[in-house]
Amino acid sequence: MSIPAWKDINWSLTDKRILRYQTRIYKAARDGNISKVKCLQKRLLKSPDAKLIAVRRVTTLNKGKTTPGIDGQIYVTDIEKIKLVKRLRLDGKALPIRRAYIPKPGKTEKRPLGIPTVGDRAKQALCKLALEPEWEARFEINSYGSRPGRNCQDAMEAIFTSLRNHSNDKGYHKYVLDADISKCFDQIDHTYLLKKLNTLPEMEAQVKAWLKAGIMEEFSKTKQWNDISENQKGTPQGGIISPLLSNITLHGMEEHMKDWICTKPSFAKTNKYSKIAKRKSLSIIRYVDNFVIIHKDENIIREAKAEISKWLWDGPRLVLSEEKTAIRNTNKSFDFLGFTCITITRGSSTRAKIYPSRLSQARLLLKVRQIVINNRNASSYNLINLLRPVIIGWANYFRFSECSSIFSKLTHLIFQKLRAWVFRRDTRNGKKEVKQRYFPSNKTYLFDGTKHQDNWVLHGKQLGKSGIGKENWLPHLSWVKSRKWVKILGDYSPYNGDNLYWGKRTINKGTWNIRQRKLIKSQKGCCPYCKTPFLIDSVVEVDHIIPSSKGGKDVYSNLQLLHKHCHILKTREDNVFKKNYQPIQKIVKTQT
């Protein structure tokens, strides 16, 4: 099969063919047919479609597409991308990794980040296409991090279900082992991981090369990398395949603890306690290297801590972080993934409650404060453009919890910062005049399908390129309403072939912002450019049907949601049309 020019590739057909391969791999792995799994993986790795998708991911879709590795090379043009596709293969080699450091939220220390070269990233994306469906068929139900179709909200809903007082017992509470693995990515034992992987020889050799790749702190001026020492343990954070490898390493934790609880003596009111009941009594919810173990008996939780520590050390050679690991009573609350979880007893009834943690609230207010301080001289229009994605993005993450009162409180605290910013800008005019300019009265706003009337909403104005004035405004955090999240069904995966389920879930429960959610529902889950449905992990962008450069307005009737690669093609067509476009008056003048 020959590879066409980059601009002529039919991406919807390419994605469809690879998804068909992945579905077959998933089903073969579920059936335990290992030989068929490996046969399909070999065919997928050699497929030009898979190579095209791998290169598209690292050169077009990923946010780090312009971040080079140790060789300083990136692939921008269509010709460069096609050349990368043609030479892409698993050769068991890997260039050293460039080390960078990113700040940890709320801490002075920094997290090390490994940046492979773009060529190695493409190899990793190719390997992931083949490995992920096989392991998705094996992964445990309550593993949620870095997996397609699963997210933080699913993990929190699993915790909520585990904390609920199903039996209506008086004085109900549970105990939780709130655990964090110390330097999980940096300490994984290579021998254990490669043995557990048990895959094709060419993929095993390639994964081993990535694990052993040396680390450099700066760009290399020469291409002499033979003197760099090999990495002896861990998989650097920053690689495309690193989260999958960490999930493979920690796979089996839940099943091990379920088997372990069955060996414990009966702890119920009755003398007999069935094996099934014992397994149900212990909950393990994991999100990458953070996990909680929940049980009603404190002694069981203490023994579980010792047992999970032994399992982690005997296998992948990992240890729990003493600083971040603790046993907590659910009546006194615990934090997980930015949420606070607690069981509250009032009278004879006990219920579970999940809401945004105080630390998460403080981080939002600090970020808003830094943006306001750093933009003292900016226009209100530009300030709103900076604040809106931060505030509404935070609200969209936490809206699937009991958040209404917290959102109202934060709305007031953010408003105080904005009011101070406004009145500090103009001290010559009266406060009523300044207020009316930045917070106009008697305005009605439409946000998320609901009309709001408010006299204290920050407004901004700016002249566009065509000389037409543009306006924007900052919605209140309290306008984002709390919603109920529906957890993913059992061990479902996007590779299981249930297109009806995933089509509905993509529309209703995808991680879309407000504008994207409204557009995807009006488009019935399909991309209008390529006429194919969006998948749960599709990279999408909002497009102006009539481009802004041609006078198109920023209103829903002129907006559509497209795949990112479809948006690029559509923009290219618009630019070609604009380049060849001549006004009628100019054509007539030329002819005369």
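This is a predicted model: local features need pLDDT of at least 70, side-chain atom pairs count only at pLDDT 80 or more; totals for chains, interfaces and linings use all residues.
## Domains

The protein is divided into four parts: domain 1 (1–138 + 191–220), domain 2 (141–188 + 241–355), domain 3 (358–479) and domain 4 (499–580).

An open, antiparallel sheet is formed by four strands in the order 5-6-3-7. Strand 5 (283–287) and strand 7 (326–329) are the edge strands, each pairing on one side only. On average, neighbouring strands are turned by 20° against each other, direction ignored.

Strand 3 (residues 175–180) and strand 7 run antiparallel and are joined by four bridges. Aspartate 178 has alanine 326 of strand 7 as its bridge partner. Helix 6 (residues 152–163) lies across strand 5 and strand 6 (290–295), and runs at about 165° to strand 5.

## Helix 11

Helix 11 (residues 253–262) is largely enclosed by the rest of the structure, because seven of its ten residues are buried. These are Met253, Glu254, Met257, Lys258, Trp260, Ile261 and Cys262. They pack against helix 10 (242–250), helix 12 (275–281) and helix 13 (298–314), and also against strand 5 and strand 6.

## Interface of domain 2 and domain 3

The centres of domain 2 and domain 3, taken over C-alpha atoms, are 39 Å apart. Contact between them involves eleven residues of domain 2 and eight residues of domain 3. About 780 Å² is buried between the two domains, with 52% of this area given by carbon and sulfur atoms. Of the area that domain 2 buries against domain 3, Gln153, Phe339 and Tyr355 supply 51%, more than any other three residues.

One salt bridge is found across this interface. Arginine 351 forms a salt bridge with glutamate 402, with the closest N and O atoms 2.8 Å apart.

Notes:
Residues are numbered from 1 along each chain as its sequence is written. Side-chain values use heavy atoms; hydrogens and water are left out. Two strands pair if DSSP finds at least two bridges between them. Helices (H or I, at least four residues) and strands (E, at least two) are DSSP runs, numbered from the N terminus. Axes are lines fitted to C-alpha atoms, for helices over the stretch in contact, and angles run from 0 to 180 degrees between N-to-C directions. Contact means heavy atoms within 4.5 Å. Buried means under 20% relative accessible area, exposed over 50%, partly exposed in between (1.4 Å probe, protein chains only). Domain bounds come from an automatic or database domain assignment. Buried area is the accessible area (1.4 Å probe) that two parts lose on being put together, summed over both. A salt bridge is a side-chain nitrogen of Lys or Arg within 4 Å of a carboxyl oxygen of Asp or Glu.
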